[in-house]
Every structure is written in structure tokens, then in C-alpha cells.
Amino acid sequence: MTDLRDRLGKAVFQRVAGPDGPANRARIHDAPGPRWFGPERPIRTVHGDASMFIGGLSALLLQSLHPLAMAAVSAHSGFRGDPWGRLQRTSTFLAVTTYGTASDAEDAVARVRAIHLRVRGTTAEGLPYHAADPHLLGWVHAAETDSFLRAHERYGARPLDTAGYDDYVADTARVAEALGVIDPPRDRQALARRLAMYQPELRATPEARAAARFLLLHPPVPLAVRPFYGVLAANAVALLPRRQRDVLRLPRLPVVEGLAVQPAGLLLTHTIRWAMSSGSRSRPE
């Protein structure tokens, strides 16, 4: 069983962190210097939990509902041609800003901001977009934070209390401000109000539906892994707010979700957590 756990943990880590994962992890966790967030901060608890696998996929589906954000991703991110590379870059950014030194976090933010400055264009309807637009950045941040929070609340090994999740939102606001978000929400109520503010702008464009089909029905994973990915995808969909799920025309089966989908999601995250505890650290980054 120990050998199986080691092999499974290494396989998951390699997929999520990429070939530079071991070196990046050593630098992130072992480099001396002050951090943005101390060991006691909720952001470390949430971002270090296996629930992030479900929360991350759910966040992508939710973020796709903003036409300008989806147009930018579709035209510039390369998520179809190199989905694992994009995942690895995102997970490394989250790890550096959550656990790394302050100087490394600042460098990571500067690189992302430089990329955002170059990403601009127009949608199929002729609407201009710019990835550095603070309003668009605010949507991406709010959708991501809400998805990670609700995934941890439902699937996390040690869910936080109300104050803990408020502090988590406040922690993520520090990263959001560094990226260019203006006045990001700093507690859960403010986060809910911010999401509601964006609601009139959301709709499922053809690009959003195509992204959902790619992520849910045609994922870039081997056939042997498809059943496990299916559990991940089903729980990511179940985590979406009802209105947003309806917009994407994704099915809602409350009884099935309660009796089968969520228990399977809990088992999956428990298994990932078990596998990744075989090394010196249990964090998925």
C-alpha cells in the first residue's frame, strides 16, 4: 500500500506541478525570507487541501460565463492545445503567492501582470477586452475565490468556521490587489455582493459552452483515468451556483447528487489527500 500511495502521489503531483515541480516546491517552501501569509493564515489551509481540484474546475466553468473573460481565454490562453501546461502554471502561481517568499510572490505577480497587459482583442460580437481591465480581473478573482471557498467548505479535510472563511477572502484580496483588482471583497458577504453585481453581465457564449464540453466531456486524460475525472467533473458541476449552472445548461439532479455525486467527491478528495501525504508535504502544489 505504501508503494501504491507513493506512485499515485507522484503521478498526481507531476501532472499538477509539471517537470519543474520538485525544484519549485523546494524553493517555495524552503527559501528563507518573509512571506505574505504566515502558517496560521486560512489561505494556506484552503489552498493546501485536495478540495482545490474540484474547486479549480468549478472556477473555470464559472469564469467562462463572462463573455469578455471567455474571449480572452479562448484566444490567448492555449488551454486546448496545452491544458496541462496552463494548469501547471496556475498551480505554481497559487503556490508561490500562498507559501513562497514575499519577493518571489511579487515577481510572480509582476510576470502575470506583464502577460495581462499584452492580452487584448475583440469578441465575435465586436466588444473590446483587455486582460488588465480591473473590472474583468475582479470577476476572475471573485469567481475563483468563491469556488475555492465553497469547495473547501464541502470537501475540505478541516472546514473553517465563518470567521475563518471571512479571513480567507481577506487573504485572497491581498493577491488580487497586487494583480490589479480594485477594492476586492474582504469577507464572504462582500464576496457574495460582488458576484451578484456581475450577474447581469454573465451569459453562456458559444465559446463558454465549447469550453464546458471540452472540460467535462473531452478532457485530456488517459482512458484509465476517465472514471476518476468523471467524479471530479460531476462534483465541480454540482458546486456551481444553481443560476450559473442553468445558464450553462448543465443538468441538476439533487437526489443523485446527494446520494452519489457528493459522497464520491469526498472519497476522491480523501484518496488524493492520502496519496499526496506520502511525501514530506501533503500540499497539492
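Residues are numbered from 1 along each chain as its sequence is written. Because the model is predicted, local features need pLDDT of at least 70 and side-chain atom pairs count only at pLDDT 80 or more, while totals for chains, interfaces and linings use all residues, and side-chain values use heavy atoms, leaving out hydrogens and water.

Let me begin with the second largest pocket. Its volume is about 380 Å³. A pocket is an open set of points on a 1 Å grid over the protein atoms alone, where a 1.4 Å probe fits, with protein on both sides within 12 Å along at least five of seven lines; lining residues have an atom within 4 Å of a point. The volume is the space filled by probe spheres set on the points, which are joined across faces, edges and corners. Of the 19 lining residues, Leu216, Leu217, Val237, Leu250 and Pro251 are the closest to the centre of this pocket.

Which helices each supply at least two residues of this lining? They are helix 11 (206-217), helix 12 (226-239) and helix 14 (254-276), where helices are DSSP runs of H or I with at least four residues, strands are runs of E with at least two, and both are numbered from the N terminus. Helix 11 gives the largest share, five residues. By class, the lining has twelve nonpolar, one polar and six charged residues; Ala, Val, Leu, Ile, Met, Phe, Trp, Tyr, Cys and Pro count as nonpolar, Asp, Glu, Lys and Arg as charged, and the others, Gly among them, as polar.

Helix 12 also packs with helix 8 (residues 134-155), at an angle of about 110° and with axes 10 Å apart. Axes are lines fitted to C-alpha atoms over the stretch in contact, and angles run from 0 to 180 degrees between N-to-C directions. The two helices are therefore roughly perpendicular, a word for angles of 65 to 115 degrees; under 35 is roughly parallel, over 145 roughly antiparallel, and the rest oblique. Ser147, Arg150, Ala151, Arg154 and Tyr155 of helix 8 meet Asn235, Ala238 and Leu239 of helix 12, contact meaning heavy atoms within 4.5 Å.

Helix 7 (residues 102-118) and helix 9 (residues 162-179) pack at about 50°, with axes 9 Å apart, which makes helix 7 oblique to helix 9. Here Val109, Val112 and Arg113 meet Glu177, Ala178 and Leu179.

Finally, Arg120 lies in strand 1 (residues 120-122). Not counting residues up to four places away in sequence, Arg120 touches His76, Tyr129 and His130.
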